[in-house]
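Hi,

Here is the structure I promised to pass on. Have a look at it first, and my notes follow below.

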Amino acid sequence: MAGIKALVGLSFSGAIGLTFLLLGCALEQYGVYWPLFVLMFYILSPIPTFISRRLSDDTDSSSNACRELAYFLTTGIVVSSFGLPIVLARNTTIQWGACGLVMTGNAVIFLTIFGFFVVFGGGDDFSWEQW
């Protein structure tokens, strides 16, 4: 039952984050859909972690080079997703209000992705493979 509550909570927070992103694009005073390119970063961000968890051994307690590289790449992707709206707003492609909404959506979505890894990544009680 706890897994279903976590899944519903993560779905709700993901919907809130996407709502902020779409508000930054679709409101009448903004009306530019360039910020939707951050969706690419949402898709790319968990991929290095999935690959490193698949390739690395969890038997040792020391740090793993594959896992550290995955954290580095994931951090680069997340920072890029926060940087893109700022660059677009600085270039006057989008307005600063739209940039704020997109940045809020970024924060909520990436916290949701992090929550997914925390809840379903441990493998103690349940894992994301069962869904």
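A quick word on terms: a residue is called buried when its relative accessible area is under 20%, exposed when that is over 50%, and partly exposed in between. Keep in mind, too, that this is a predicted model.

With that cut-off, Pro48, Thr49 and Ser52 come out as buried in helix α3, which runs over residues 47–55. Those three sit on the same side of α3, because they cover an arc of only 95° around the axis. The cover over the buried residues of α3 includes α2 (38–44), α4 (65–90) and α5 (96–120).

On the annotation side, the unreviewed UniProt entry lists residues 6–25, 32–51, 71–89 and 101–121 as "transmembrane region". I checked two of these spans against the model. Residues 6–25 are 100% helix and 0% strand, with 29 Å between the end C-alpha atoms. Residues 71–89 are also 100% helix and 0% strand, and there the end C-alpha atoms are 28 Å apart.

Then the aromatics: the model has six aromatic pairs. One of them is Trp34 with Phe37, whose ring centres are 5.6 Å apart and whose planes meet at 25°, so this pair is stacked. Trp34 is partly exposed at 45% relative accessibility, and Phe37 is partly exposed at 46%. Phe116 and Phe117 pair edge-to-face, because their planes are at 75°, with the ring centres 5.8 Å apart. Phe116 is partly exposed at 25%, whereas Phe117 is buried at 13%.

Cheers

Conventions. Residues are numbered from 1 along each chain as its sequence is written. This is a predicted model: local features need pLDDT of at least 70, side-chain atom pairs count only at pLDDT 80 or more; totals for chains, interfaces and linings use all residues. Side-chain values use heavy atoms; hydrogens and water are left out. UniProt positions are given in the numbering used here, feature names are shortened, and annotations may be inferred rather than shown by experiment. Helices (H or I, at least four residues) and strands (E, at least two) are DSSP runs, numbered from the N terminus. Buried means under 20% relative accessible area, exposed over 50%, partly exposed in between (1.4 Å probe, protein chains only). The arc is that of the directions from the helix axis to the C-beta atoms. Contact means heavy atoms within 4.5 Å. Rings of Phe, Tyr and Trp (its six-membered ring) pair if their centres lie within 6.5 Å; planes under 30 degrees apart count as stacked, over 60 as edge-to-face and the rest as tilted.
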